[in-house]
Amino acid sequence: MALTSEQNAYCAWLASAGLPPGKLRYLLDIFHDPASCYQAFQQNSVDFSEILSPRFRILLERNADSEKLMNFIRIMKNNEIQAFHYNDDLYPGRLKQIPDPPAILFYQGTISSLENRVIAVVGSRAASYSGQKATRKLTRELSSHHISIISGLATGIDTCAHTGCLDGGSPTIAVMGCGLDMVYPAVNTALRDQIIIQGGLLLSEYPPGEKPTGWHFPVRNRIITGLADALIMMEAKIRSGSMTSVQHALEQGKDIFVYPGDPSSEYYEGNHQLLREGGIYFTSAEDILEDLHWLDNPSPVGQNSDCSACGITMTPEASAVINALKPGILGFEKLSSVSGLEPSKLMGTLTVLQINGIIEVMPGKQYQLKR
Amino acid sequence: MEDIMSKTLSFGVDGVNGYPVHVEVFSMNGIPAIDIIGLPDTSVRESKNRIHAAIINSGKSIIPKRITVNLAPADIKKEGPSFDLPIAVGVMISMGQIAPNPEQDLTHTAFFGELSLDGCVQPINGALPMVICAKENGIHEVILPEKNAREVSCIQGIRILPVNHLKQVVDYCEGTVKIPPQEQISYEKLKCETVTTVDMSMIKGQKGARRAIEVAAAGGHNMLMVGVPGSGKTMLARCIPSILPPMSFEESLETTRIHSISGKLSPDSGLMVIRPFRSPHHNASVSSLVGGGQNAQPGEVSLANNGVLFLDELPEFPRASLEALRQPLEDGFVNVTRVRKQMRYQSSFMLIAAMNPCPCGFFGSTRRTCRCTPQEIRKYLDRISGPLLDRIDLQIEVDSVPVNEINDSGVSESSAAVAARVRKARNIQLERYFGTGKHCNAQLTNADVQRYCTPDDEATRLLNAAVETLHLSMRAYQRILKVARTIADLEGNSHINSGHIAEAIQYRELDQKYWR
């Protein structure tokens, strides 16, 4: 059951004190919910010196300010941020099974999207183009099998994972490393809105107002893997931050799928190390579904698989281009000579095919049939 | 000895226009010296040393007298060594070293030229505007350096007498020798004589890019080429002057004037027949690009007048330089304002820019992997401001041609064949915009686009679908219509159909989603 705005604010109050998750869970064990904890603390009805060491008590005392509470109510109302805590019905069961689960979580969007089958997709922020493309394709396919993708809303692979999932039609979940009222990363503001619109969820362990500090991100990775049934590592160098996700997944006992990128590329060094250490090899969405025994799933959400469904009339030029592209990727020049079309005609045909989603254009004037 | 006064006529240059300068020399008794007055700059003041040696080396001598040289009008600053020759002639006349033949009427003769110490007459900058001004002032003949003669040989109605030594001038004034006048060379003849050095047939493969520059040339559109290093962007740009319609006589005069005053004409060259191609390096300063300096000199945009301004490595240009291009791109001229001078230079040019797709240069290359992060690529692309991009109608990607295709791609079409199609399209445009002051599609404003570029129903549907699926901006929408107009003109079609629109959409590569 969703909390009232005041209860939300008590959650934010407790989370903003700066206590480690373990201590917060301990307080919730005693008081059951943040509201009663606040009451007890304000009214001095419980002797906190017996519960908390002086260090943590000071943190709580510093945070005790009724103005702050009002502020939280306002911010959370304006940004439609809600919260739930460890003893709440909303708290996802599988998160309780990980080491050091978060005591309080804040969210925007549709909480029920956590009930889907969820796969975490992680990878480098400075990802290669091929890695980004593969991510988008894979997540689109998984999404069309009603699988939600959870990731971290960072640039690079994370962004591709979310957009791919949105393209496939399933809701996607993003776990952030800062307060949900913060705009970070700024480039993904539009994506964030889209996630909410398409019934997805934004989650954070950090209360509103918390800045995106560097150490937040590896810590929030445990929530990404904790909420997922399996982890897919798309692209990482040896010393990538994404490797902490793999550590978390190992501790939590999740399956780790590793995308086998180009072995000669430095972008995939981490992937190949993981494969040597026993990561699960896969090449397609089907491989993952099979390994997770999810193949019984209903048929995928209809994606443009058939050209006749797109409602365009096949001109001879269009079929010439499609036939030329059947063997694989071609550049403009090659396409022109294989299809036998004049450049001006070819450009026009490409536009029509592109608009109708039959071909895909890649940087460097490379064209490919969409599958 | 008596005091004698002499007057000779010369011309100076202010901006791109000439103005008459009367060189008055007065010699009197006194401490021997030559004074030059009338706001001379250093190079004019130094001319007294040059003429001294040159007069002696032409077989005459300097009589020790007090000589005052006045360059009238006295309130305009005189620059450059072109006054050497009239001063030398004036000095010799006033000292009685030259006895002008009474039959030689020198009052309608203008002189200009730089002297070297041995008496040779050296070429000068700005001969063309000076001669044009001389003609307008009713001057019958000009005596000028031999190396400048071809430059002005197209001007009719004035006698051009080329000389290469001061001795010739002395003899001419005394009436003992005739100087053979420079033969008139008509602009049409000059056109036939000139051969272009680059030709479209030298480009192998690159069919897409060839088509794009044809469209750009046909509509006078500015173009941006994005491509990996070595993909032939510079070569493609160099070919553009060869497919543009040839310059008219007026255009040629306008452009040659600017090159003449900047000293960019090679000696013995006539009027410029081939459209200029300027490619300033990206460390160019703002004033070298748009004009400036102490004397408000024309910059690269004016040197590229009626031609092509090619900016390679566009993002490497300083922001200020690129933003300064906005006025000349919009108006076709630049106002250069300095403390002492205000100049307006013509600068209507086609902007052709080239850039790498990312800092390392290999984003999207099929041959090498790109090492750049998405942020780096975004930052790199963002160095080009929206307003500048707004003035560039065509944006295309150029991929390098593999070696094996260079060898087997056969003979490419020559510039002449492309130029013929371009000229046809331009004629259609001239006819359509007759009386509106515009002459090509690139100059259309948004209101004009509404009026002249109306696609048919099917084309409109296609364009709307493209805006939706390819996430094109309103800005792109206008550009696509403009370019589609040009494509239709190339085809000789008065209506814009879906084929034209579909092709035009391909020239908006930077608007494609994957860049952003």
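Reply: In chain A, β10(A) pairs with strand β12 (residues 366-369) in the antiparallel sense, over two bridges. Strands are DSSP E runs of at least two residues, helices H or I runs of at least four, numbered from the N terminus, and two strands pair if DSSP finds at least two bridges between them. This is a predicted model: local features need pLDDT of at least 70, side-chain atom pairs count only at pLDDT 80 or more, and totals for chains, interfaces and linings use all residues. Residues are numbered from 1 along each chain as written, and chains are lettered from A and ligands numbered from 1 in written order.

Me: Which residue is the bridge partner of L330(A)?

Reply: Y367(A), in β12(A), is the bridge partner of L330(A).

Me: And what's the strand order in that open sheet?
Reply: β10-β12-β11 in chain A, three strands with antiparallel pairing. β10 (330-331) and β11 of chain A are at the edges with a single partner strand each, so one side of each has no neighbour in the sheet.

Me: Switching to the contact: how many residues come from each chain?
Reply: Chain A puts in 24 residues and chain B 29, where contact means C-beta atoms, placed from the backbone, within 7 Å.

Me: Which element of chain A gives the most to the side that touches chain B?
Reply: α17(A), with eight residues.

Me: What about chain B, how many helices and strands?
Reply: Chain B has 21 helices and 16 strands. Its C-alpha trace spans about 95 × 50 × 45 Å along the principal axes.

Methods: Two residues are in contact if their C-beta atoms, placed from the backbone, lie within 7 Å.
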